[in-house]
Amino acid sequence: MSVPIGHDRAMMLRALREQVATASRRLAAEGLVLGTAGNVSARQGDLIAITPTGARLADLRAELITVIDPGGEVVEGTFAPTSELDLHLGVYRRYRAGAVVHTHAPMATALSLVLDELPCVHYQLMELGGTVPVAPYRTFGTTELAEAVLAALDGRTAALMANHGGITHGPDLDAALSRTLLLEWGCELYWRAATLGVPRTLDRAQRADYERQVAAKAYGTVRRLP
Ligand SMILES: [Zn+2]
């Protein structure tokens, strides 16, 4: 999508920064981000609005959001972008995403300490790609972390990050945000079930059947009665 010029461009950037600030406050309100422990970005054309480093997500407003280009150069804003800049840029470059959300949400982070992969224990997790891999631990804010997480995201819209947290992406911020909520729900579901016994998982054939049914029923979309 091309970026409009002049007044339209200013309006578009304002709206994009507003979206990122609103999503950040929502994550904090949902208890998925404590203090500064998360970052959010959204792309329009080749401009990316991204949360600033060191900011409390609960307090973010549009004017505090930074706008960068795909190379990470600041286009608009007065604050340095998140320390996970390489991770966000990598997801846009490799997966052509429209938005990225990274948090240290309680359940996702807890499971990232003990699992190598979150099994596909519920068909709703198919929206994340089925199973959710756990990327190996690397120091925060490094290109090594970005590379490990980008590899884990292959064929997925979500990944856990060992001893760190979770990440989701989507075509827009609503999708990336709802996938973060879904990932946390799935992690909590798995945790609850694992305290009772060994959770059953959906095998490859069951996951393929799910995909066929989604295609046949247009599942997940609101439809008028004929
Ligand atoms: Zn983090």
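A residue counts as buried here when its relative accessible area is under 20%. Keep that cut-off in mind as we walk through this predicted model.

**Helix α2**

Helix α2 spans residues 85–95 and is mostly covered, with eight of its eleven residues buried. The buried residues in α2 are L85, L87, H88, L89, G90, V91, Y92 and Y95. Just after α2 comes R96, which takes a positive phi of about 50°.

**The zinc site**

Now to the metal. Which protein atoms are the donors of the zinc ion? They are the NE2 atoms of H102, H104 and H164, lying 2.1 Å from the zinc ion. Along the chain, these donors follow the spacing H-x1-H-x59-H. The pair H102 and H164 links distant parts of the chain, 62 residues apart. H102 belongs to strand β5 (residues 99–103), while H164 sits in the loop between β8 (158–161) and β9 (165–170).

Are H102 and H164 buried or exposed? H102 has a relative accessible area of 1%, so it is buried. H164 has 11% relative accessibility and therefore also falls under the 20% cut-off.

**S24 in helix α1**

Another residue to look at is S24, which lies in helix α1 (residues 6–29). S24 is buried, because its relative accessible area is 0%. Setting aside neighbours within four places in sequence, S24 is in contact with V40, T51, L57 and L60.

Here are the accessibility values side by side:

| Residue | Relative accessible area |
|---|---|
| S24 | 0% |
| H102 | 1% |
| H164 | 11% |

Notes. Residues numbered from 1 in each chain as written. Predicted model: local features only at pLDDT ≥ 70, side-chain atom pairs only at ≥ 80, totals over all residues. Heavy atoms only, no water. Helix = DSSP H or I, 4+ residues; strand = E, 2+ residues; numbered from the N terminus. Buried < 20%, exposed > 50% of the residue type's maximum accessible area, 1.4 Å probe, protein only. Contact = heavy atoms within 4.5 Å. Donors = N, O, S within 2.8 Å, 3.2 Å for Na, K, Ca; no water.
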